[in-house]
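I shall set down each look-up in turn.

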Amino acid sequence: MASVNPFNLSDSEEEAERRPNESVDTERSPSDGAPGPPPGNPFSPPAEAEPPTPLLSSNRTSPNGEGISASAPATSAMAGSTEARVSVDIIAAQLLRDQFILTALEFHTELLEAGRELPRLRDYFSNPGNFERQGGTPPAKDQVLGPGGPLNRAGSISTLDSLDFARYSDDGNRESDERVAVLEFELRKAKETIQALRANLTQAAECEVSSQERKNLKSSPEIQEPIRPLEKRALNFLVNEYLLKNGYKLSSITFSDENDDQDFELWDDVGLNIPKPPDLLQLYRNCGNVTPSQRDTVDVSVGVDPSELPGNCVASEFSKKPGLSQQQQTEVVQELEYQLSLLNSEKQSLADQIKKLQSEIQTLKRSVSSPPPATLDLSSQNSPHPSSSSNIITSCTDAPSVDNGQNLEGRGVSEPGNGGDPPAKQKTSQLQSCNKTRVHFDQPNRKLSPAFQQALLSFCRMCSDSRLGAEVSRIADSEESVMLMLGRCLPHIVPNVLLAKREELIPLILCTACLHPEPKERDQLLHILFNLIKRPDDEQRQMILTGCVAFARHVGPTRVEAELLPQCWEQINHKYPERRLLVAESCGALAPYLPKEIRSSLVLSMLQQMLAEDKADMVREAVVKSLGIIMGYIDDADKYSQGFELMLLSLGDPSERVVNAVHQVFIPAFSAWSTELGNLHVALIPSLLTRIEKLLMQGEHALDEHKLHIFLSALQSLIPPLFALVLQNAPFTSRAKVHADTPAIEVTRFPRPASPLQDIATIIGSREILSALLQLYDHQLELEGTTGWDSLLWVVNQLLPQLIEIVGRINVTSSTCVHEFSRFFWRLCRTFGKIFTNTKVKPQFQEILRLSEENVDASAGNGILTKATVPIYATGVLTCYNQEEDRKLLVGFLEDVMTTLSLSHAPLDSLKASFVELGANPAYHELLLTVLWYGVVHTSALVRCTAARMFELVLRGMSEALIDRRAAPALITLCSGPEFSVRISTIPAFGTIMETVTQKELQERVKMQLASFLEDPQYQDQHSLHIEIIRTFGRVGPNAEPRFRDEFVLPHLHKLALANNSHTVESKRIDIATQLFEAYSALSCCFISEEVMVNHFLPGLRCLHADMEQLSPEHEVILSSMIKECEIKVENRGMSDAQGSISIASSLVGEDAKTKFLSKMGQLTTSGAMLANVFQRKK
């Protein structure tokens, strides 16, 4: 079957549709026929070419080379109607008949450029047999060489590389240089093909078996003759053709890969001038039968009286005259073959009439109210011979009602006298059984709730709420419906097909692909569908996916596997990410409609390959979502380990959007499968905990926080399915009943889910069922206990102790780890509820965190109160619920920890981590100030020092009103105490206030307090105070208000540096010098006025330089460069100020300077380059 351009109809096809029933003169002389030489001519088109149409059946070139004019009726009709338009097919036939080959080629090219491809010219110029001369005896002088006689050229290879798809693209017509490049490419391909074919013939000739070897083979039947290369290539072609026709696409792809030296798209690749044999099915059917004569074949197949054949006289004459010359015998054979082509054409027209009758029969069946008859015998209407009756026609959506011409000849006719049922009856029974069968999909042996399945499939991104989406989803099931659909879609297709609206073609392509009887044509249509848009956007991909799902629902899993999956496989490595994204999304959307073996093997492997190799984030994101859908439908337990590895691989993806997709889709689907297998609390969660423990053991000095985040985030996403498992396996599950008075679930009962798949109501089935279970859950925990509740006992006795042990091993100074574990425990406690938190979680922490000095090892600093258990318990467990008793418990815990750590002289890292984590939430600022006020008024100076240092951590992000009302008075109260250590501890907090507050009055109060520290004589010998002030100035100076920095910080640093030059204690001198060096290094990046730079900054640096020359030479080099750089800045600033004053003075010379300048600029006629030189500084 010749391929048809889906975007155009040629004029010949239009005219054939307008005149389907035009009568033709079938009684012709032996010299009459269709245009072109007969098929037997080696220079003529092959027998598979398009048969001549009835319109041209009376105008042709006879085999003997004489041009026969058109018949009289046709001539008179054409002469009588001057308004009738001459078909381009007639012009093409005339050009080919009169040997105007180059003109025909130019005509063919112009038609292609105009988008009107003509099948006659296409088939002629694509057939290498028209341009390849046979070796041997040259033709006689009076014998015409056919249309392609003197030309020596191979036809263009019709491959995807040479198809002119760009003509239908949005780019418009090609330029001339592009056409030249395409023609050169086709010429090169043709030459390569010719060379390959000649090599094949040479190899076949070299491998020819000698006559002596043949005699040996005949004498020894047990010795089989070796296969020749030509025979092998021919058999390979037939085997591949059989695989494609019968839907074995993947086997065909594998077979083609194993024979990569052969082109299975072109029979001429097997060998030049070698006729194509019948397909394997025909060879099998005819393998034991005697080939009937030509006369018998015509009699049975067509039902024509032998005496009526125009070629009989020639055949009988040829049989009576055996002494004819070789040339005359050749002509007679050609004429007979030509008559055979006429019969094939007539057979094709009869098949078309049968198809038309079938359509009318189906229309009549639907119009009759009574049940239609199952079969209708057309033999009484169309054939006088019972043996030549046509096929019995039945209505079946997925099976063709009328075979094409080749199949009619091969299996639609049976000779009288042969035993057994005719093939027509077998076809009828097959079609009748097809009506009774329905499409069934493999349902997974799963226990997912319908709500979860619906939420899972919502990620397929299908669209059916628009006009086009409705058309795509509604696939026709009969020819009449196809016509109706075409009528609805064609008005939208015509104006948009060449622009950006090609998705309008999707309904037409899908319906045709569903109902077309030929697998090859269906494959071509699906290929067009996937290649319809060069780079489909999001909406276009949704339309294509909706169409693919509708196609899958209509045809069933077998055809989805055989026809749709190969299209996805072909585009898995496409250069455009949008096309690969379409493949990734298709795998997920088609998962419910595939055989279960394919889901867990081929599709899973495709997605795994794309996840590991694709570089586009959006493609990997779609792959992860499709993998999640696959996990929701897979039921092969052996694939569990592969799914776990895919989860870890995708969690480690560098793209944040991919990781989000893992948490939203993949992990919920995989956890649902793990729950059904019983692996959620037995294998999945323990394996993640084991990896976290191993990570902590390996990274005691340098923990890989990224991997820890991966594992912990996965555990956090498993909390909802774990709680659902606890509810579903509870002792009260069987008693759960949904009543009208069942209380609704509070909005804040559960944390906000990351996706609908993490919503516990979706996992359970509905919010009503979840509400009933929660009511029984709280009652069971509060009154009845956990006896016999294995899943909850596992959480209490195994999961919680292991998590608390892991928490005690993480580094408390790592704010990231503390935050991650805090969020995990917060979600765990909120999900399992307040009763569970108060009765199961808090007691385990309180047992470990016994608040006494015995739990603190002051010497080693490794007591339990110094570990991360304190901040995680405070911020992850005690903050879950915000009622009054919960806040009191949190305040009391922090006060006890602060007191215990202070009195034990233990490190304060755990307390600092708690304050930092809680201080990030403004809701806890008042609570933290309450805890600190407890420390401010404590009797122990150690506790007051700790409280003073904690102020520095909580002041950042706190409102100025709260600082002014509560924080600043508390700090001033601490400064009024007798202990110098307490006063010194308040300096960092005062510095933080100067860094963050903009209120003038508050700044002045803090400034006065800092000035008292610097100028009060009682602090002159306080070395630690000076160290703390210098450190604070270096930290807050770059971010503080410039006036505070210039008028307060830099002058006092200058004084401290000057006083340090005369310090007698070398150790104290080096301590202050080191802190001064850090402070000046930080402040050197700020903008400092020239006055401050000259009066304070540079003198202070010089004093520090004098100290470093004696104490630290390595710092002295850096200070020298800093001093030099500052001096250069001062010098340059002075020069720029002088030039600025000069320019200001010159601008005041004339009042109309601007007007004069603009007028001069308007008179300039120089170029842009010369104009630019006007503004260059003179050297």
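Entry 1. The model is predicted, so I took local features only at pLDDT of at least 70 and side-chain atom pairs only at pLDDT 80 or more, whereas totals for chains, interfaces and linings use all residues. Residues are numbered from 1 along each chain as its sequence is written, and side-chain values use heavy atoms, without hydrogens and water.

Entry 2. I searched the whole structure for salt bridges, that is, a side-chain nitrogen of Lys or Arg within 4 Å of a carboxyl oxygen of Asp or Glu. The search returned 33 of them.

Entry 3. I looked up Arg 1043 and found its side chain joined to that of Glu 1047 by a salt bridge, at 3.4 Å from N to O. Both residues belong to helix α47 (residues 1042-1061), where they stand four residues apart, about one turn of the helix. Helices here are DSSP runs of H or I with at least four residues, numbered from the N terminus. Arg 1043 is exposed, at 53% relative accessible area, while Glu 1047 is partly exposed, at 46%.

Entry 4. I then noted a network in which salt bridges with shared partners connect Glu 241, Lys 245, Lys 276 and Asp 279.

Entry 5. Are Asp 123 and Arg 122 buried or exposed? I found both to be buried, and their side chains form a salt bridge at 3.2 Å, N to O.

Technical notes
Buried < 20%, exposed > 50% of the residue type's maximum accessible area, 1.4 Å probe, protein only. Helix = DSSP H or I, 4+ residues; strand = E, 2+ residues; numbered from the N terminus.
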